[in-house]
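Me: I have a structure open and have not looked at it before. Can you walk me through what is in it?

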Amino acid sequence: MGIKSFLRNPITKGGNAIRNVRRLGLLGALDLYSYRLREKYRDWRLGIRSSGFHDANDLGHVPECHAYEPIDYRCLDIIFGHLNPDAETDVFLDYGCGKGRAVITAATHPFKRVLGVELSPELSDLGRSNVSRATRKQRLQSTEIEIITANATEYEVPDDVTVIFFFNPFSGSVLAAVQGKIRQSLQRAPRRLRVIYMHPDNHPNEFESCDWLEKPFSLPIGDWEKVQLLAYESRVVAERLQDDVLAGAIES
Ligand SMILES: C[S@@+](CC[C@H](N)C(=O)[O-])C[C@H]1O[C@@H](n2cnc3c(N)ncnc32)[C@H](O)[C@@H]1O
């Protein structure tokens, strides 16, 4: 709840506040409001509107494709602190970029270019408007930013992508198909590729069986979220990939 909207309708919003205190306790409610204020402030600084929840059914998604919910800015700070990108070589790709929060935050860091793929035309339009607003509001470090409206399963991974981000966009056969696309890109162009994968604690890690990735490093996010934040690196062993080619093991 923003201060403006609270002032516009103090009785309902005040009623919500009382309900939240009853539901979460005073400390829980204070925590919720400080989180919302922080999120609004970070959106304002970038000049964008990326908050809100969009149900997967309302977006017309099949069950394995998930809802829109933006990643917490605190997680993005941890992720980009860890990535330390190189402006000459690093290309960032967000699968299921929604309204573009992670894409635009990536562009405040020195990436060579930044990409987002989003299934929902409505959300990707909002993402592109946010990119325009952010570009007008401030000097971004990466100016080559593109949001593509596509089903991730049909999107060919550009062979210069070096960082791929997943904030719980899809699962099951959809994720497996996307993992296959990433592996194909690595086979075409063996390189160092980092995968940042964030998934809820109570969901299985669906990257565990990817033998083309090294064992992950768990990024510390404290106890304020029930999620796992894992950083993977590709096994850049050109010989091994070459062996796969010779053994005819590459999926077409
Ligand atoms: C949890 S949100 C993540 C939003 C954004 N990455 C962020 O971190 O703020 C998941 C997004 O994935 C999108 N999505 C779901 N299935 C998809 C698919 N098959 N291809 C592309 N995007 C998809 C949803 O529409 C939603 O916007």
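Predicted model: local features only at pLDDT ≥ 70, side-chain atom pairs only at ≥ 80, totals over all residues.

Me: Which strands pair with strand 7, and over how many bridges?

Reply: Strand 5 (residues 194-200) pairs with strand 7 (residues 227-233) in the antiparallel sense over seven bridges. Strand 6 (residues 217-218) is also antiparallel to strand 7, over two bridges. Ser218 has Leu230 of strand 7 as its bridge partner. Two strands pair if DSSP finds at least two bridges between them.

Me: What is the order of the strands in the sheet?

Reply: The open sheet has seven strands in the order 3-2-1-4-5-7-6, with mixed pairing. Strand 3 (145-149) and strand 6 are at the edges with a single partner strand each, so one side of each has no neighbour in the sheet.

Me: Which way do strand 1 and strand 2 run?

Reply: Strand 1 (residues 91-95) and strand 2 run parallel and are joined by five bridges. Phe92 stands opposite Val114 in strand 2.

Me: How many residues of strand 2 are buried?

Reply: Five of its six residues are buried, so strand 2 is largely enclosed by the rest of the structure. A residue is buried if 20 or more other C-beta atoms lie within 10 Å of its own, exposed if 12 or fewer, and partly exposed in between, with C-beta atoms placed from the backbone.

Me: How many helices and strands does the protein have?

Reply: The protein has seven helices and seven strands. These are DSSP runs numbered from the N terminus, helices being H or I of at least four residues and strands E of at least two. Of the 252 residues, 31% count as buried.

Me: Which residues have the most contacts inside the largest nonpolar core?

Reply: Phe92, Leu93, Val103, Ile164 and Phe165, in a core of 49 residues. A nonpolar core is a set of buried Ala, Val, Leu, Ile, Met, Phe, Trp, Tyr and Cys residues joined through C-beta atoms within 7 Å.

Me: And what is Ile164 in contact with?

Reply: Leaving aside neighbours within four places in sequence, Ile164 is in contact with Leu93, Tyr95, Ile182, Leu193 and Val195. Contact means that the C-beta atoms of two residues, placed from the backbone, lie within 7 Å.

Me: Ile182 is in which list for helix 6?

Reply: Ile182 is one of the buried residues of helix 6, a list that also includes Val174, Leu175 and Val178.

Me: Changing topic: which residues come nearest the ligand?

Reply: Of the 27 residues around the ligand, those are Cys65, Ile71, Gly96, Gly98 and Pro169. A residue counts as near if its C-beta atom, placed from the backbone, lies within 6 Å of the molecule. Helix 4 (101-107) and strand 2 (113-118) each supply at least two residues of the shell.

Me: Last one: where is Asn84, and is it buried or exposed?

Reply: Asn84 is in the loop between helix 3 (73-83) and strand 1. With 9 C-beta neighbours inside 10 Å, Asn84 counts as exposed. Asn84 has a positive phi of about 45 degrees although it is not a glycine.

Conventions
Residues numbered from 1 in each chain as written.
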